[in-house]
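Trainee: I would like to learn how to read a structure, one feature at a time. Where do we begin?

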Amino acid sequence: MWQDPDAAIASLQYGPPRGSDALCAWIARREGVDPSRIVVTNGGMHGLALTVLTVVERDATVAVDDPVFPGFLWALEVSTTRTLPVPVVAGGFDVEHLARRLANGTRIAAAYTVPDFHNPAQVSLSAPKRRALIELAERYGFYVIVDDPYRELRFRGQDQGVAVFHESDRAIHVNTFTKTLGPGWRVGWLVLPDHLVDPVTRLRNRLDVHTSSVTQATIERLLTDDATRFDRIVHGATTLYRERADALIDALREQLPGAFRIVAPEGGLFLWPRLTDDAVDPTELFRRAAAHGVLYQPGEYFAADPGQRSSARHLRLSYSDRTPEELREAVRRLALAF
Ligand SMILES: Cc1ncc(COP(=O)(O)O)c(C=O)c1O
């Protein structure tokens, strides 16, 4: 873009608080919504904070995934620390669990979930559960905060769809280029119901005016001067991630047979194996693995309910930036730790 002096100079000016028209248009096409519903943010965390500040009153209760992406709990602290942990099960956020709590009189301002390739639990929310969650939100009048940074990273299985969220006045979709183009850009977006576009835009205008025009213009050029580039980047990444996920699973099954209950991921960046033997102490295992030069995120880090011990039986293994050889070597060392 810097070969076009007019475009370069234009990007040194203030721009619209919702984001540049061109970038909003690209994102809106990808999401299948009207561009007027997009707000470009400084990444997913910024989108979560704007959402919380807009729809969560002080001291309100928010239902959250358990295990949960801890960054959301940090974002929530700008308004409240009252959470209702909702188990994440094989089909994702346990909507029936939440329905029972609501039927018993619990009231919430919002429910937070990562519907695709959950961080850390790797599962996706099934299409019927997406619909059921939105029906609950519409019946009880809370917002669903849909945090979806891994959505593009599917390498097998069936897409469960986001239209059900985009069609509801009760869903706020938070997304980011962090997992596709890289975290350093600090660019993400919100898809908002029409009635929240003004309040969120006013808030963001008062906080930081808008996302850097230079960065928006650079990303917009990257996405549009070659119409297939983004899809090629995503395809290249997911091909690599599938190979790495499979290499990690094969190595665990070969070198530590029976030590873990493993669910093969359909996308995303993580494996969330569960220790099968209750005699294995996860804290001690982590200490020994580190001594052998293997680091991972212990499951207890993601517990939304500290009293609940089930997350602690898991390890979050990240396979995206290690070669199959490195992953096999890591498992060999993990086996030594055992
Ligand atoms: C579930 C989830 N939401 C949000 C984010 C934050 O994204 P960003 O780097 O765009 O702020 C992450 C990053 O790891 C994440 O895993």
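Mentor: We begin with pairing. Two strands pair if DSSP finds at least two bridges between them. Strands (E, at least two residues) and helices (H or I, at least four residues) are DSSP runs, numbered from the N terminus. Now the case here: L271 has L317 in β13 as its bridge partner. This model is predicted: local features need pLDDT of at least 70, side-chain atom pairs count only at pLDDT 80 or more, and totals for chains, interfaces and linings use all residues. Residues are numbered from 1 along each chain as its sequence is written.

Trainee: In which sense do β10 and β13 pair?

Mentor: They pair in the antiparallel sense, over 2 bridges, with β13 covering residues 315-318. Together with β12 they make an open sheet of 3 strands, ordered β10-β13-β12. β10 (270-271) and β12 (297-298) stand at the edges with a single partner strand each, so one side of each has no neighbour in the sheet.

Trainee: What is the strand order in the sheet of 8 strands?

Mentor: The order is β1-β8-β7-β6-β5-β2-β3-β4, and this open sheet has mixed pairing. At its edges stand β1 (38-41) and β4. Each has a single partner strand, so one side of each lacks a neighbour in the sheet.

Trainee: Where else is a peptide bond cis?

Mentor: Go to the bond from N119 to P120, with omega near 15°. P120 sits in the loop between β5 (110-113) and α6 (127-140). That loop also holds Q122, which has a positive phi of about 65° although it is not a glycine.

Trainee: Is Q122 buried or exposed?

Mentor: Count neighbours. A residue is buried if 20 or more other C-beta atoms (placed from the backbone) lie within 10 Å of its own, exposed if 12 or fewer, and partly exposed in between. Q122 has 24 inside 10 Å, so it counts as buried. Compare V209, in the loop between α8 (194-207) and α9 (213-224). V209 is not a glycine either, yet has a positive phi of about 70°. With 13 C-beta neighbours inside 10 Å, V209 counts as partly exposed.

Trainee: How many residues of helix α11 are buried?

Mentor: 1 among its 10 residues, so α11 (residues 282-291) is hardly covered. A290 lies in this helix and is exposed, with 12 other C-beta atoms within 10 Å. A290 and A337 are 47 residues apart in sequence, but 8.6 Å apart in space, C-alpha to C-alpha. Just after α11, G293 takes a positive phi of about 85°.

Trainee: And what does V62 touch?

Mentor: Contact means C-beta atoms, placed from the backbone, within 7 Å. Leaving out residues up to four places away in sequence, V62 touches V56, L76, T80, R82, T83, I108, A109, A110 and Y112. V62 is in β2 and is buried, with 24 other C-beta atoms within 10 Å.

Trainee: What domains does the chain have?

Mentor: Domain bounds come from an automatic or database domain assignment. It gives domain 1 (5-224) and domain 2 (231-337). Their centres, taken over C-alpha atoms, are 27 Å apart.

Trainee: Last one: which residues are closest to the ligand?

Mentor: G43, G44, M45, T176 and T178 are the closest of the 13 residues that surround the ligand. A residue is near if its C-beta atom, placed from the backbone, lies within 6 Å of the molecule.

Key. Contact = placed C-beta atoms within 7 Å.
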